[in-house]
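Hi,

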Amino acid sequence: MLKIGVTGSIGSGKTTVCQIFETLGIPVYYADNRGRYLLQNNEKVKAQVLDAFGTGVHGAGHIIDRTLLADIVFNDPAKLTILEKIIHPAVFDDFNNWAASKKSPYIIKEAALLFEAGTYSELDKIITVAAPFETRLERVLKRSKITEEQIRARESRQWPEEKKIEMADFVIYNNERQLLMPQVLELHKVFLSL
């Protein structure tokens, strides 16, 4: 079974592209969502986070306060690295368990940091979803409560889009000039033929 990665910068439309693949019957693993789930529900991950960041990140109901944790790690690259060394291996194992249960010609792993985390090497092909920065910025400002400054800070910690395009096997352009559906359908045919 082929394992396809879908990545892209914040606001590029990775989730939208993956939702189209899902309508075609292709299972999609959303790594960022699963990482958040594991942070709250995997006892080993929770214990490692509390050990690394202290009980001050413990919120009500014995859950990790993600907002407080984000404030800590997004303002300190060393602490972000510590958190990633806890979350990425847990997501890696979770993905492999999930993938083993699927029966499909191919599956998709959607993750913002496929290249940065090095997990792209576990996948057969990579798709980068690309869009101009101003378009991405506008999308994120409309859908979430983070500020432009926070978006730019997150963007600065990821690889430039040009590098993600260069590393990818395929590129889907979500620039509002090219339709997504034909691009996804073309890749679906390619993956079914591999």
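Helices (H or I, at least four residues) and strands (E, at least two) are DSSP runs, numbered from the N terminus.

Please keep in mind that this is a predicted model: local features need pLDDT of at least 70, side-chain atom pairs count only at pLDDT 80 or more, and totals for chains, interfaces and linings use all residues. Residues are numbered from 1 along each chain as its sequence is written, and side-chain values use heavy atoms, with hydrogens and water left out.

Let's start with helix α3, residues 43–53. Its buried residues are V45, K46, V49 and F53. They sit on the same side of α3 because they cover an arc of only 100° around the axis (the arc is taken from the directions from the helix axis to the C-beta atoms). Packed against these buried residues are α2 (31–41), α4 (66–73) and α5 (77–100); contact here means heavy atoms within 4.5 Å. On the face turned away from the buried side you'll find E43, K44 and D51, which are exposed.

Both ends of α3 have something to look at. At the start, a side-chain oxygen of N42 comes to within 3.0 Å of the backbone nitrogen of K44. Just past the helix, G54 has a positive phi of about 90°.

Next is α9, residues 180–193. In this helix, L180, Q183, V184, L187, H188 and F191 are buried. Their arc around the axis is only 140°, so they too lie on the same side of α9. The cover over them includes β1 (2–8), α1 (14–23), β3 (106–110), β4 (125–130) and β5 (170–173). K189 and S193 are exposed on the face turned away from the buried side.

The loop between β5 and α9 holds N175, which counts as buried because its relative accessible area is 10%. Its side chain reaches the backbone nitrogen of R177 at 2.9 Å. The side chains of N175 and Q178 are also joined by a polar contact of 2.9 Å (a pair of N or O atoms within 3.5 Å; within protein, one must be able to donate a hydrogen and the other to accept it, and residues adjacent in sequence count only if both atoms are side-chain atoms). Not counting residues up to four places away in sequence, N175 touches A130 and P132.

Over in helix α5 there is H88, which is partly exposed at 24% relative accessibility. Setting aside neighbours within four places in sequence, H88 contacts L113 and A117. The C-alpha atoms of H88 and R34 are 10 Å apart, although 54 residues separate the two along the chain.

Finally, where does the largest share of the lining of the largest pocket come from? It comes from α5, which gives seven residues. At least two lining residues each are supplied by α1, α2, α4, α5, β3, α6 (133–143) and α7 (148–156).

That's the tour. Send me your questions!

Definitions and conventions: Buried means under 20% relative accessible area, exposed over 50%, partly exposed in between (1.4 Å probe, protein chains only).
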